[in-house]
Amino acid sequence: MTLYQYPTQTALKRVIPKTRIYDGAAASTALRDRFVREVDQITWAHKLAPETLNLPATPAVPEIQVFRVTLKGDTLHDDILRAMDRAIPFPLMFELVAGDRIQPAAAYKRPSEAERGKWVLSDPLRGEWTAHDAPRAPLPVAVNLGVLYERMLSALMPVAPVPGEDVESRLARLAAIRAKEREIAQLQSRLRRESQFNIKVTLHGQLAEAQAAFDHMKDPGKTGGGKP
């Protein structure tokens with residue numbers, strides 16, 4: 001479950017003008033056009049902060065903002081999520097609303113160590129689409145906003161954590177898994193098209209290696225019978 005029941009004292013329900021996002025993200029004409037096509041309304045739904053949750057801030061997570069984005073259709077491009085993250089100088093959690101369905105989304109966001117005032121973003125993470133009136137879970141238990149943010153993000157990650165793995169390491173492993181999935185798909189496609197026996201044998205070997213690497217990335221805790 002990655003849809004949360006936010007405490008009533010965190011509610012804001014303020015509509016955010018799209019122009020604020022355009023200006024804050026230095027949006028191109030193409031991106032503005034995408035906003036017009038795909039986004040009906042952006043609402044600043046909740047503010048998770050020391051004064052609303054009674055949790056201390058951390059340097060990387062002074063507040064967490066929850067934006068509800070009502071869509072005109074059924075999909076929302078990742079570039080729109082990235083633009084909103086670039087425009088708002090706080091970690092964001094999104095709820096995307098399409099008709100009677102809702103989907104949680106977020107990118108891991110941290111202050112840049114190289115450039116003051118800038119943020120470093122991961123690729124957006126998305127949960128499952130669920131019914132708008134589906135039961136919600138309470139917020140994760142946390143000692144500060146930084147831990148709360150990591151636990152909320154963790155619920156969106158499609159790979160289980162391994163012992164000692166922090167959020168950034170887990171995201172790096174997720175990126176490697178997705179890259180390996182693309183490699184496997186490309187090898188399978190080449191194999192289907194290939195007619196020469198010797199090349200097919202080579203491709204089978206490459207596919208087996210890629211699959212083994214993929215399986216290990218998915219579950220690093222498993223020990224296999226491969227080379228030490």
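Reader: What share of the 228 residues of the protein counts as buried, and what makes a residue buried?
Author: The share is 39%. Buried means a relative accessible area under 20%, exposed means over 50%, and partly exposed is in between, with a 1.4 Å probe and protein chains only. Keep in mind that this is a predicted model: local features need pLDDT of at least 70, side-chain atom pairs count only at pLDDT 80 or more, and totals for chains, interfaces and linings use all residues. Residues are numbered from 1 along each chain as its sequence is written, and side-chain values use heavy atoms, with hydrogens and water left out.

Reader: Why is L55 called buried?
Author: Its relative accessibility is 15%, which is under the 20% limit, so L55 counts as buried. You'll find L55 in the loop between α3 (50–53) and β4.

Reader: Which residues does L55 contact?
Author: Skipping neighbours within four places in sequence, L55 is in contact with A49, P50, A142, V143, N144, L145 and L148. Contact here means heavy atoms within 4.5 Å. Across the protein, 66% of the contacts with a separation of 6 or more join residues 24 or more positions apart.

Reader: How do you know that the buried residues of α1 line one face of the helix?
Author: α1 covers residues 18–25, and its buried residues are I21, Y22 and A25. Viewed down the helix axis, they fall within an arc of 100°, so they line one face. The arc is that of the directions from the helix axis to the C-beta atoms. Their cover includes α2 (29–38), β3 (39–48) and α4 (78–87).

Reader: What puts the buried residues of α2 on the same side?
Author: Those residues are L31, F35 and E38. Their arc around the axis is only 90°, so they sit on the same side of α2. On the other side, T29, A30 and R37 are exposed. Cover for the buried residues of α2 includes α1, β3, β4 and α4.

Reader: What makes a set of residues a nonpolar core, and how many residues does the largest one have?
Author: A nonpolar core is a set of buried Ala, Val, Leu, Ile, Met, Phe, Trp, Tyr and Cys residues joined through side-chain atoms within 4.5 Å. The largest has 34 residues, and Y6, L48, M93, L148 and M152 have the most contacts inside it. β4 (64–71), α5 (145–154), α6 (167–193) and α7 (197–218) each supply at least two residues. α6 gives the most, with 7 residues. A second, separate core has 25 residues, including L76, A87, L92 and F94. In soluble globular proteins, nonpolar side chains tend to be buried together.

Reader: Which residues does Y6 contact?
Author: Leaving out neighbours within four places in sequence, Y6 is in contact with H46, L48, V66, M93, E95, R136, L139 and M152.

Reader: Why are K13 and A26 called exposed?
Author: K13 is at 68% relative accessibility and that is over 50%, so K13 counts as exposed. A26 has a relative accessible area of 67%, again over 50%, so A26 is exposed. K13 is placed in strand β2 (residues 11–15), whereas A26 is in the loop between α1 and α2.

Reader: What phi values do K13 and A26 take?
Author: K13 has a positive phi of about 60° although it is not a glycine. A26, a residue other than glycine, has a positive phi near 50°. Most residues other than glycine have a negative phi.

Methods
Helices (H or I, at least four residues) and strands (E, at least two) are DSSP runs, numbered from the N terminus.
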